[in-house]
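User: I would like to go through this model by question and answer, with the cut-offs behind each term spelled out.

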Amino acid sequence: MKHTQHHIQFKLNGNNTELAVHASDTLLTVLRDRLELKGTKPGCHEGECGACTVLIDGAPVNSCLYLAVNANGKEVTTIEGLQHADGKLDPVQESLVNNGAVQCGFCTSGMAMAIKGLVNEYEHKHQVPGTRKFENPSRDEIKKWLEGNLCRCTGYVKIIDAAETLFRD
């Protein structure tokens with residue numbers, strides 16, 4: 001069976017990226033195996049654990065279920081893209097560290113990307129008109145947002161504390 005390749009262009013962590021992919025290639029496979037970005041973790045490969053979470057145009061998606069051809073024309077952010085150009089950690093990463101929410105590390109990149117997606121969601125959709133402030137999610141809303149990300153170390157309390165801190169400070 002002949003496998004047709006598709007030429008795609010997208011912005012990856014702020015850089016223009018072009019490559020040919022097969023129609024069945026997942027974004028996870030392309031990121032890890034073709035682009036050598038190993039921070040996005042393969043977990044269940046069924047969209048159940050969230051370890052492979054990346055941002056597409058600022059919203060979290062499970063890259064194990066997202067076909068790479070669908071990234072064409074989009075902006076993709078991986079955990080490698082969260083760190084600022086000057087080497088400083090993103091506030092999401094700082095909050096995870098400061099709250100002791102990094103345990104074995106397997107779920108951490110997916111959790112960080114999901115929390116960044118929550119920050120993006122609230123900054124863009126819950127902004128108070130006429131101000132730069134935005135409504136803060138409740139602890140229950142944070143839990144609901146993160147329910148697609150599993151932590152095998154059961155460090156949820158500290159992870160949720162880290163997310164909550166971002167909106168409190």
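User: Are K116 and D90 buried or exposed?

Analyst: This is a predicted model, in which local features need pLDDT of at least 70, side-chain atom pairs count only at pLDDT 80 or more, and totals for chains, interfaces and linings use all residues. Residues are numbered from 1 along each chain as its sequence is written, and side-chain values use heavy atoms, with hydrogens and water left out. Relative accessible area, taken with a 1.4 Å probe on protein chains only, sets the classes: under 20% is buried, over 50% is exposed, and in between is partly exposed. By that rule, K116 and D90 are both buried.

User: How far apart are the closest N and O atoms of K116 and D90?

Analyst: A salt bridge here requires a side-chain nitrogen of Lys or Arg within 4 Å of a carboxyl oxygen of Asp or Glu. K116 lies in helix α3 and D90 in the loop between β5 (75-77) and α2 (91-98), so the pair ties together parts that are 26 residues apart in sequence; helices (H or I, at least four residues) and strands (E, at least two) are DSSP runs, numbered from the N terminus. K116 and D90 form a salt bridge in which the closest N and O atoms are separated by 3.0 Å.

User: How are α3 and α5 oriented to each other?

Analyst: Axes are lines fitted to C-alpha atoms, for helices over the stretch in contact, and angles run from 0 to 180 degrees between N-to-C directions. The axes of α3 (residues 108-125) and α5 (residues 156-168) come within 11 Å and cross at roughly 30°. Angles under 35 degrees count as roughly parallel, over 145 as roughly antiparallel, 65 to 115 as roughly perpendicular and the rest as oblique. The two helices α3 and α5 are therefore roughly parallel.

User: How many nonpolar residues does the contact of α3 with α5 have?

Analyst: With contact meaning heavy atoms within 4.5 Å, α3 contributes M111, I115, L118, V119 and Y122, while α5 contributes Y156, I159, A163, L166 and F167. Ala, Val, Leu, Ile, Met, Phe, Trp, Tyr, Cys and Pro count as nonpolar, Asp, Glu, Lys and Arg as charged, and the others, Gly among them, as polar. The contact has no polar and no charged residues, and its nonpolar residues number ten.

User: What is the orientation of α2 relative to α5?

Analyst: P91, V92, S95 and L96 of α2 meet A162, T165 and L166 of α5, and these residues divide into five nonpolar, two polar and no charged. The axes of α2 and α5 come within 8 Å and cross at roughly 130°. The orientation of α2 and α5 is therefore oblique.

User: Which residues does T77 contact, leaving aside neighbours within four places in sequence?

Analyst: T77 lies in strand β5, and its relative accessibility of 15% means that T77 counts as buried. With those sequence neighbours left aside, T77 is in contact with N13, V54, L55, L82 and M113.
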